[in-house]
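Subject: Structure for your review

Dear colleague,

Please find below the structure that I am handing over to you. My notes on two parts of the fold follow it.

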Amino acid sequence: MKIMMDMEKYMKTTAIDRKLRELIKIRVSQINGCAYCINIHTADARKMGETEQRIYCVSAWGECEFYTEAEKVALELAEHITLIPTKRVPDDLFQRVRAHYDEKQYVDLVLIINQINSWNRISISMGNIAT
């Protein structure tokens with residue numbers, strides 16, 4: 001758990017916008033069905049000033065005009081990495097992400113996405129529930 005917590009500390013130092021980090025955590029947790037993490041990260045997003053509209057609609061981000069193109073490609077990347085056995089990360093997606101994020105930011109996005117996937121799996125396997 002120390003390693004997981006050390007990664008959390010690192011995530012807070014990245015150049016990735018903190019609200020976007022929370023939206024990614026919410027979307028990945030939705031895909032993985034982790035109510036515990038959805039509950040935590042929607043509350044955290046609200047505390048950061050994220051709007052209810054953007055929180056509620058993150059599962060349908062592609063159909064919304066109130067997410068930026070940079071946010072949309074990050075959320076798309078999150079979906080592809082979370083569903084990697086079937087979706088993979090196609091070259092065109094990599095190129096679209098890189099149009100908005102430099103190499104370090106791309107790596108940080110991948111780490112953020114993998115971190116929440118790990119937390120979801122830990123939480124679900126430990127029987128955590130939203131309260």
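Gly-33, which comes just after helix α2, takes a positive phi of about 70°. Please bear in mind that this is a predicted model.

Helix α2 itself covers residues 18–32. Its 15 residues should span 21 Å at 1.5 Å a residue, and this agrees with the end C-alpha atoms, which are 21 Å apart. At the N-terminal end, α2 is capped by Asp-17, with a side-chain oxygen 3.0 Å from the backbone nitrogen of Lys-19.

Most of α2 is covered, as 11 of its 15 residues are buried. Among the buried residues are Leu-20, Leu-23, Ile-24, Ile-26 and Val-28, and also Arg-21, Glu-22, Lys-25 and Arg-27. Asn-32 is likewise buried. The cover over these buried residues includes α1 (2–11), α3 (35–47), α4 (52–57), α5 and α8 (103–125).

Helix α5 (residues 69–82) also packs against helix α7 (residues 91–98). Two packed helices are described by the angle between their axes and the distance between the axes. For α5 and α7, the angle is about 145° and the axes are 9 Å apart. The crossing of α5 past α7 is left-handed. On the α5 side, Val-73, Glu-76, Leu-77 and His-80 make the contact, and they meet Leu-93, Arg-96 and Val-97 of α7. By type, the residues of this contact comprise 4 nonpolar, 1 polar and 2 charged.

Yours sincerely

Note on methods. Residues are numbered from 1 along each chain as its sequence is written. This is a predicted model: local features need pLDDT of at least 70, side-chain atom pairs count only at pLDDT 80 or more; totals for chains, interfaces and linings use all residues. Side-chain values use heavy atoms; hydrogens and water are left out. Axes are lines fitted to C-alpha atoms, for helices over the stretch in contact, and angles run from 0 to 180 degrees between N-to-C directions. Helices (H or I, at least four residues) and strands (E, at least two) are DSSP runs, numbered from the N terminus. A crossing is left-handed if the near helix is turned anticlockwise from the far one by less than a right angle, and right-handed if clockwise. Contact means heavy atoms within 4.5 Å. Ala, Val, Leu, Ile, Met, Phe, Trp, Tyr, Cys and Pro count as nonpolar, Asp, Glu, Lys and Arg as charged, and the others, Gly among them, as polar. The expected span of a helix is 1.5 Å times one less than its number of residues. Buried means under 20% relative accessible area, exposed over 50%, partly exposed in between (1.4 Å probe, protein chains only). A polar contact is a pair of N or O atoms within 3.5 Å; within protein, one must be able to donate a hydrogen and the other to accept it, and residues adjacent in sequence count only if both atoms are side-chain atoms.
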